[in-house]
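Please look over the sequence and the model shown here before reading the briefing that follows.

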Amino acid sequence: MPPPLVFLVAGEPSGDSLGAGLMRGLLAESAGAVEFTGVGGPEMEAEGLASLFPMSDIAVMGIAEVVPALARVLGRLRQTVRAVRDARPSVLVTIDSQAFSRRLARRLHPAPFPVVHYVAPTVWAWRPGRARKLAAVTDRLLLLFPFEKPWWDRVGQDSVHVGHPVADMPLPDGIGALRSSLVAKGKGPLLAVLPGSRRSEVARHLPLFRDAVGKIVRDLPHLVLVIPTVASVAADVREGTRSWPWPLAVVEGGGRRAAMAAADAALAVSGTVALELASVGTPHVIAYRAHPLTAAIVRRLITVEHASLVNLSAGEEVTPEFLQERCRADLLHDGIRRLLVEPPARSRQQRLMADVMQALRHPRGPSSRVAARSILEML
């Protein structure tokens, strides 16, 4: 018997990271008796996946942002459908990228193999009707957060809580050495600036973050900046910060998480990065400014008070959020300055972030291994 073939589809950097961990988990749980094909980014490719096309071709978020990329995304969707049918995999695993993943599963339905979706759509936050649509075309759903399961039980979706992989990560190596090399360019403190993992986010937030940093430097003239980023937007980040007049370093790849851990505080665009910062104990504020059309539509649909995954997991505001109209340089300055000069604000946030990480760990072991076992048992 040939080894089972797992067809993986990830469409954004956070999904690429999850996919790479899942690949390692599947290999470990099957004693290497599994093969991979599909779509992924640099982390999945490092684990041996030959991606059908660049993952960035489908990494689009936001209603207004999708329109100019629609023809490209639909073309890649048709290509992926053909590739799955030709491969005849043992299982299809779609990872996050909710719109693309749901459309792929719908076009393949009914599939002659199990269809697993990894990372549930946020039906508890907005558009709960998506739950039934996904359940109709998906055999199993892997959940990152324990509070999600009741939502999926209501629609009869087979769902398994597997934990969040970011909570399993140990502190990276080389934090002290990296900090020393960065702060050598100035006296500090060290501020991490994370403008997003999509090109549209970087374009929208970098000018705003520059204005905020300029205000912070007036209070803390020896401030040093580090910009941890991902490969898909690293060139945009470097170009966008080329004229910044302050000491800064752009860090990608293996040093990205160490740079987050080395920082005294961080200014970050909302997303999975909030949990990454929490996992290394770096106090931070969350910012997000969407396209006005996207924001207007989402406001009518959203049902939760918080945007940050840390705050949602805690059920309270652990990290300050500055969204849309409140996403202004002066307010970002106030939030970051407080974390840099007020020890009680830092220690409170660090304590609550540690509580969130503990709640996200799965009792049966690392998330990637729990997810892998859940997939293999379907085969």
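**Briefing on the predicted model**

Leaving aside neighbours within four places in sequence, Thr-229 is in contact (heavy atoms within 4.5 Å) with Ala-234, Val-237, Val-250, Val-251, Glu-252, Gly-253 and Arg-256. This is a predicted model, in which local features need pLDDT of at least 70 and side-chain atom pairs count only at pLDDT 80 or more, while totals for chains, interfaces and linings use all residues. Residues are numbered from 1 along each chain as its sequence is written, and side-chain values use heavy atoms, with hydrogens and water left out.

**Thr-229**
- Thr-229 lies in the loop between β8 (224-228) and α9 (231-241), where helices (H or I, at least four residues) and strands (E, at least two) are DSSP runs numbered from the N terminus.

**The six-stranded sheet**
- An open sheet of six strands runs in the order β2-β1-β3-β4-β5-β6 with parallel pairing, two strands being paired if DSSP finds at least two bridges between them.
- β2 (35-39) and β6 (159-161) stand at the edges with a single partner strand each, so one side of each is left without a neighbour in the sheet.
- Strands β4 (residues 115-118) and β5 (residues 140-143) pair in the parallel sense over three bridges, and His-117 has Leu-141 in β5 as its bridge partner.

**Helices α14 and α15**
- Arg-338, Leu-339 and Val-341 in α14 meet Pro-343, Ala-345, Arg-346 and Gln-349 in α15.
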